[in-house]
Amino acid sequence: TTLLNLVNSDKLRHLGNPTAGKFKGLPFLLKILDVKDMLSIQVHPNKSMAEIGFERENQLGIALDAPNRNYKDDNHKPEMMVALSEFWLLHGFSNHIAQTIDRYDFLKPFKSLYEEKGIKGLYGHLLNLPQQEVNLVLEKHAQTIIPLYQDGKLPKSGPDFWAARAMLNLCKDGQYDKGIFSIYLMNILHLKKGEGIFQGAGLLHAYLEGQNIELMSNSDNVLRAGLTNKYIDIPELLAQTSFDITIPILLPVNTKGG
């Protein structure tokens, strides 16, 4: 018996009257994750946008289990996570994008675009590049960083490490995942065991490696930006993403109780 079926069999009994009346179901999800392979770069809508998107797709007749369905429910999905081991993740847009563009030759052609249109203009342009152009932009960089990755010469704190891993694991036959661009524009965080972080609506993020506990609102609304073979709706993703610079706030967690 699944937890969902158990709850739905008698909501008043399993949730209590206040929770069943307010939330109509289980209000939260708690997950324990072992991230061995990088998870997709993604963003979650806020509550009002989830309600609008869910109703819109219902009106369009898109089945709840359809692969091109963005909104599986009408709820938001703010997430709190606590690291159970050393944990690596991408978390929001970096404050050092200009310096990153200057550092990497494959990004330099986009410098003027970034200066003119900011993060939103740059990111939207990169995600909308034709696949053939993506391959041309990333191929030469891949030839540089993959041998360094294989020789153990790239630090996990830098984007080249994760980009090379993605190229080896997710990019076949010279077809490069557009999510690789995101790695160079986002904060790369290293959490120690017991540290936590909050990820609210609109914040682009991705889990890269490690074990954690997640506590989140009960929702399956995920808009993906890359590092995945699942459905990607670029216009909807861009509409729900916050393009503000993110200054990460790591939260120390009391693991001893009391």
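Me: Before anything else, what counts as a salt bridge here?
Reply: A salt bridge is a side-chain nitrogen of Lys or Arg within 4 Å of a carboxyl oxygen of Asp or Glu. Keep in mind that this is a predicted model.

Me: How many salt bridges turn up in the whole structure?
Reply: The search finds 8 salt bridges.

Me: Start with Lys72. Which side chain does Lys72 meet in a salt bridge?
Reply: The side chain of Asp220, with an N to O distance of 3.9 Å.

Me: What does Asp102 pair with?
Reply: Asp102 forms a salt bridge with Lys111, and their closest N and O atoms are 3.0 Å apart. Asp102 counts as partly exposed at 37% relative accessibility. Lys111 counts as partly exposed too, at 33%.

Me: What about Glu209, which partner does Glu209 have?
Reply: The side chain of Glu209 meets that of Lys156 in a salt bridge, 2.4 Å from N to O. Glu209 lies in strand β7 and Lys156 in the loop between α7 and α8, so the pair ties together parts 53 residues apart in sequence.

Me: Is Glu209 buried or exposed?
Reply: Glu209 counts as buried, at 18% relative accessibility. The cut-off for buried is under 20%. Lys156, at 29%, counts as partly exposed.

Me: Which residues are in a network with that pair?
Reply: Lys156, Arg165 and Glu209 are linked in a network of salt bridges. Arg165 is also one of the α8 residues that meet α7.

Me: OK, so how do α7 and α8 sit relative to each other?
Reply: The axes of α7 (residues 131-150) and α8 (residues 159-170) come within 9 Å and cross at roughly 100°. The two helices are therefore roughly perpendicular to each other, as angles of 65 to 115 degrees count as roughly perpendicular.

Me: Which residues meet there?
Reply: From α7, they are Leu138, His141, Ala142, Ile145, Ile146, Tyr149 and Gln150. From α8, they are Asp160, Phe161, Ala163, Ala164, Arg165, Met167 and Leu168. The residues of this contact divide into 10 nonpolar, 2 polar and 2 charged.

Me: Switching topic. Where is Ser40?
Reply: Ser40 is in the loop between β1 (28-35) and β2 (41-43). Ser40 counts as buried, at 10% relative accessibility.

Me: What does Ser40 touch?
Reply: Leaving aside neighbours within four places in sequence, Ser40 is in contact with His205, Ala206, Arg224, Gly226, Leu227 and Thr228. There is also a polar contact of 2.9 Å between the side chains of Ser40 and Gln42.

Me: Leu227 is on that list. What is the phi of Leu227?
Reply: Leu227 has a positive phi of about 60°, although Leu227 is not a glycine. Leu227 is in the loop between β8 and α10 (234-240) and is buried, with a relative accessible area of 3%.

Me: What is the phi of Asp173?
Reply: Asp173 has a positive phi of about 55°, and Asp173 is not a glycine either. Asp173 sits in the loop between α8 and α9 (179-185). Asp173 is exposed, with a relative accessible area of 76%.

Me: Now Lys24. Where is Lys24, and what does Lys24 touch?
Reply: Lys24 is in the loop between α3 (17-23) and β1, and is exposed at 57% relative accessible area. Not counting residues up to four places away in sequence, Lys24 touches Lys11 and Thr19. The C-alpha atoms of Lys24 and Lys11 are separated by 7.9 Å, and the two residues are 13 residues apart along the chain.

Me: Last one, Ile249. Buried or exposed?
Reply: Ile249 is exposed, with a relative accessible area of 59%. Ile249 is in the loop between α10 and β9 (251-252). Beyond its neighbours within four places in sequence, Ile249 is in contact with Gly196 and Ile197. The C-alpha atoms of Ile249 and Thr144 are separated by 33 Å.

Notes
Residues numbered from 1 in each chain as written. Predicted model: local features only at pLDDT ≥ 70, side-chain atom pairs only at ≥ 80, totals over all residues. Heavy atoms only, no water. Axes fitted to C-alpha atoms, helices over the stretch in contact; angles between N-to-C directions. Helix = DSSP H or I, 4+ residues; strand = E, 2+ residues; numbered from the N terminus. Parallel < 35°, antiparallel > 145°, perpendicular 65-115°, else oblique. Contact = heavy atoms within 4.5 Å. Nonpolar A, V, L, I, M, F, W, Y, C, P; charged D, E, K, R; others polar. Buried < 20%, exposed > 50% of the residue type's maximum accessible area, 1.4 Å probe, protein only. Polar contact = N/O pair within 3.5 Å; in protein donor to acceptor, adjacent residues only side chain to side chain.
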